Amino acid sequence: MMQNLLNLAMLACATVGSMVFGILSAYGILRVGFAILRPQPAVPIEANQPEPAGTL
């Protein structure tokens, strides 16, 4: 009887663990995929602007 309850508990824990692993791995894969698809912000290239000379 005790062995059957232990087997049932281990089966339930394995089931929950595998579902959590599947959900988290799918979340990670989708997050990486959407991060790759998101357009990267363009970095503006600023030309060197001349500055007036300071006076003493």
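A residue is called exposed when its relative accessible area is over 50%, buried when that area is under 20%, and partly exposed in between. The model discussed here is predicted. By that scale M1, with a relative accessible area of 76%, counts as exposed because its value falls over the 50% cut-off.

**Overall form**

- The chain contains 1 helix and 0 strands, and its C-alpha trace spans about 95 × 30 × 5 Å along the principal axes.
- The radius of gyration of the chain is 29 Å, whereas a compact globule of 56 residues would have a value near 10 Å.
- Buried residues account for 0% of the 56 residues in the chain.

**The helix α1**

- Helix α1 covers residues 2–37, and M1 belongs to the segment before it.
- The 36 residues of α1 should span 52 Å at 1.5 Å a residue, and this agrees with the helix as modelled, because its end C-alpha atoms are 52 Å apart.
- The number of buried residues among the 36 of α1 is 0, so the helix lies largely in the open.

**Individual residues in α1**

- N4 is found in helix α1, and it is classed as exposed because its relative accessible area of 55% is over the 50% cut-off.

**Surface**

- The accessible surface of the chain comes to about 5800 Å², and carbon and sulfur atoms contribute 73% of it.
- A nonpolar surface patch of about 640 Å² is formed by M1, M2, L5, L8 and L11; the exposed residue M1, found in the segment before α1, is thus one of the residues that make this patch.

Note on methods
Residues numbered from 1 in each chain as written. Predicted model: local features only at pLDDT ≥ 70, side-chain atom pairs only at ≥ 80, totals over all residues. Heavy atoms only, no water. Helix = DSSP H or I, 4+ residues; strand = E, 2+ residues; numbered from the N terminus. Rg over C-alpha atoms; globule rule 2.2 N^0.38 Å. Buried < 20%, exposed > 50% of the residue type's maximum accessible area, 1.4 Å probe, protein only. Areas by Shrake-Rupley, 256 points an atom, 1.4 Å probe, with all protein chains shown as cover. Patch = residues over 30% accessible without salt bridge, like charges linked within 9 Å, V, L, I, M, F, W, Y side chains within 5 Å. Salt bridge = Lys/Arg side-chain N within 4 Å of Asp/Glu carboxyl O. Expected span 1.5 Å × (residues − 1).
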